[in-house]
Amino acid sequence: MNTKEISYQFKIDGMRCAACAASAEKTLRALPNVTSVSINLALGSSEVVGDANLKPQHVISQLKKLGFTATLIKNDETTVQTTLDYRPIDVVIGLIFGALVMYIGMSHMLLFPLPLPSFIDIHHSPMGFCLSQLILTLPVLWVGRRFLISGVKRLFSMHPNMDSLVALGTGSAFIYSLYNTILVLIGQPKMAHSLYFESAAVVLALILLGKYLEEKSKNRAKDAIASLARLIPRTCTVLRDGEPTTVDSAQVLMDELVLCAAGEKIAVDGIVEEGEGDVDESMLTGESLPVYKGKNSIVSGGTILQDGFLKIRTTGAGGATTAAQIMRLVADAQQKKAPIARLADKISAYFVPAVLAIAVISAIVWAILGKEAGFVLQIFVSVLVVACPCSLGLATPIAVMVASGRGAKLGILFRGGHVIEELAHVDTAVFDKTGTITEGKLRIATILDVEGHNRADWLPLCASAEHGSVHPIAKALLQYTTEKNIPVPLPDSVTTQAGRGVAATVNQHRVVVGTHRFMVENGINCQTFPEKPEGMAVIYIAVNDQAAGLIGFSDTMKATSTQAVAQLSSMQIESVMITGDNKTAAKQIAKESGIHHVLAEILPEGKAAEVERLKEKGCVVAMVGDGINDAPALAAARVGVCVYGGTDVAAEVAGVLLMRNDLLAFTDAVALSRFTMKIIRENLFWAFFYNTIGIPLAAGVLSPVGILLSPALAGIMMALSSLCVVTNSLRITRFFSKKS
């Protein structure tokens, strides 16, 4: 038997509340060959994981039995498309006719009766009064028919949801009013005082309005994610047979040459073959400043060439671009729930049956206490309408969705809601030194002369000996001479000893550059060299077999590292540096960055053990590294954070991917996660508070003191509860980077 797991993504239409999501998840979990299920109410999607025998058609058929329409999502599709399920014209019809029904039905109940034509006035024409409300209610029932049809279907399938509550409430009010209308028609005009058409019409109209506004807010929340899908232009220009040809971007082949002019979006990932220009990478990294690109520079699809012209050799196109990978990561993150969502999920599974029971019991109790049928019906309808589980179901996923989209805009990719919650609780940040705190690029830190020698004489000869080398020390030396405008002659000959140094002839001078051991091997008297500076990589220089000087190199601190460490300290997070470098070099970098806890001379395999030791002390650890030799430590930490260096954007061991190569991206990730968890807690509080207050009021607990929730007001409260949760979550879009 093949035990390999397969994951399928489905788009599910018809899920309107948390009870829908709960019943769908419960049903799918019970299927054979299914190992895990994750339903996202905010996106209307599901991820189903199972063994090789799991058939997507089986999942779709089971969801259909529940009253949902499911479609399989292909690899190149996304689950964050905007939806248009609720038409503005339907909302307008519902509100206009609902308002007319309310005006007619309640005109005679006010202290100052509203004017009505005599043919629909209850005192002059009870029959016209009843028939006018019935006729005006029918258009509202039509535009709100989806709630009624869905609700009845879910009742018969024994999986009631929010629509079932609405269908029962409004249906009961309508049928009761229709019955009394018939009694009026057959000669009982007093029954015109027992109509509740306005309850059915207004509740449906308000629910339709609430769902329309909720959908608009949810679509706005999806915009940040959906915009990633629009990064890659549909067409681009490639060189084929030496001629520029316009083709579909997804059909560009590897190693093909793509042409990009100023103002155009780059359509592929690739390497610049010819040309130069400034590229706006803000849509991928969150960094607003343009980046210069020249020959051999790496470019990403979806970025914009602001000026110049580039000829790019393709390394990734279509679904293989960085932008496409980011979009998949962000979309996938929506399916992974935060642990805090489990409480709402458990409650939602039992919520609708409990509300049905409360509505029935409340109605029976008031009937036993001798209340008239109209009052009992009002209680029954109000309880059913006010108790909407949508806000509970949306509290977490809508916030996670908005946070994922906002994070992507800032160059921060979360692998799911669970990562956001875990990162919010981190109290210890462990940083790899090279490439994370530092640039990973050597720079000249000190130059020391041997007595009797002048660096102006030997430094150009040393740089000449290193000419053409790709060694980091050679690059740093040649960059220094370029910056200082020091002329460097070309060498006559160069001999390289890997790992030791070079011996060259420059303008008839014999130049030896390398390690102390290399000097000894070449017969150089090393006693006259200055003392080696601590914490630096050093090369020794000899000219014509005489010691001339030495150069000390150190790593370059990233410009934002010190600021990031200070921000983490203000957030009560302790920073720890871990490195394989010697203690002296490590302490120097730590001192510059403001880190007090240093773990030096740690081998790659030992980093994970150090992370485990911190966890044993009770620390909640985030490990921040480059995702290569730090992989074991990233996996060992509560949250692994991979600093993107332009190679592997999908570092599998990391829970958070930083597209901006600076530590302020990490502080932004922590701040965003904490803000998101604050929003989620607020959402859950208001969702629980709303139902805790609304249901007793609707049940008539305070009716003895004159406080009773009408069905219309219950409908308003229900709509506002979901809208409040979505609107509160949208506050996350106003989160900005702390980078100064």
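# A first look at helices, rings and loops

At 1.5 Å a residue, the 18 residues of helix α4 (residues 126-143) should span 26 Å, and its end C-alpha atoms agree with this at 27 Å apart. The expected span is 1.5 Å times one less than the number of residues, and helices (H or I, at least four residues) and strands (E, at least two) are DSSP runs, numbered from the N terminus. This is a predicted model, where local features need pLDDT of at least 70 and side-chain atom pairs count only at pLDDT 80 or more, while totals for chains, interfaces and linings use all residues. Residues are numbered from 1 along each chain as its sequence is written, and side-chain values use heavy atoms, leaving out hydrogens and water.

**Helices α4 and α5**

- Among the buried residues of α4 are Phe129, Leu134, Leu136 and Val140; buried means under 20% relative accessible area, exposed over 50%, and partly exposed in between (1.4 Å probe, protein chains only).
- Helix α5 (residues 145-156) has 12 residues and reaches 17 Å from its first C-alpha to its last, close to the expected 16 Å.
- The buried residues of α5 are Phe147, Leu148, Ser150, Gly151 and Arg154.
- Just after α5 comes Met158, with a positive phi of about 65°.

**Leu423 and its neighbours**

- Leu423 is found in helix α14 (residues 417-424), and it counts as buried because its relative accessibility is 0%.
- Leaving aside residues up to four places away in sequence, Leu423 touches Phe414, Ala622, Val639, Val656, Phe666, Ala669, Val670 and Ser673; contact means heavy atoms within 4.5 Å.
- Leu423 and Leu672 are 249 residues apart in sequence, with 9.4 Å between their C-alpha atoms.

**Aromatic rings and charges over them**

- A search of the whole structure finds 10 aromatic pairs.
- The rings of Trp366 and Phe375 are edge-to-face because their centres are 5.3 Å apart and their planes are at 80°.
- Rings of Phe, Tyr and Trp (its six-membered ring) pair if their centres lie within 6.5 Å; planes under 30 degrees apart count as stacked, over 60 as edge-to-face and the rest as tilted.
- Trp366 counts as buried at 12% relative accessibility, and Phe375 counts as buried at 11%.
- The charged end of Lys371 sits over the ring of Phe375, 4.9 Å from its centre; this label needs NZ of Lys or CZ of Arg within 6 Å of the ring centre and within 35 degrees of the ring normal.
- Arg145 lies over the face of Trp142, at 3.9 Å from the ring centre.
- Ring pairs link Phe685, Trp686 and Phe689 into a cluster.
- Trp686 and Phe689 are separated by about one helical turn, because they are three residues apart in helix α23 (residues 664-698).
- Trp686 is partly exposed, at 44% relative accessible area, and Phe689 counts as partly exposed at 39%.

**Residues in loops**

- Most residues other than glycine have a negative phi.
- Asn507 has a positive phi, near 50°, and is found in the loop between β17 (501-506) and β18 (509-514).
- Asn544 has a positive phi of about 55° and is found in the loop between β19 (537-543) and β20 (546-557).
- Asn507 is partly exposed, with a relative accessible area of 46%, and Asn544 counts as partly exposed at 38%.
- Glu466 lies in the loop between α16 (455-465) and α17 (472-483), and among the residues that Glu466 touches are Ala474 and Val502.
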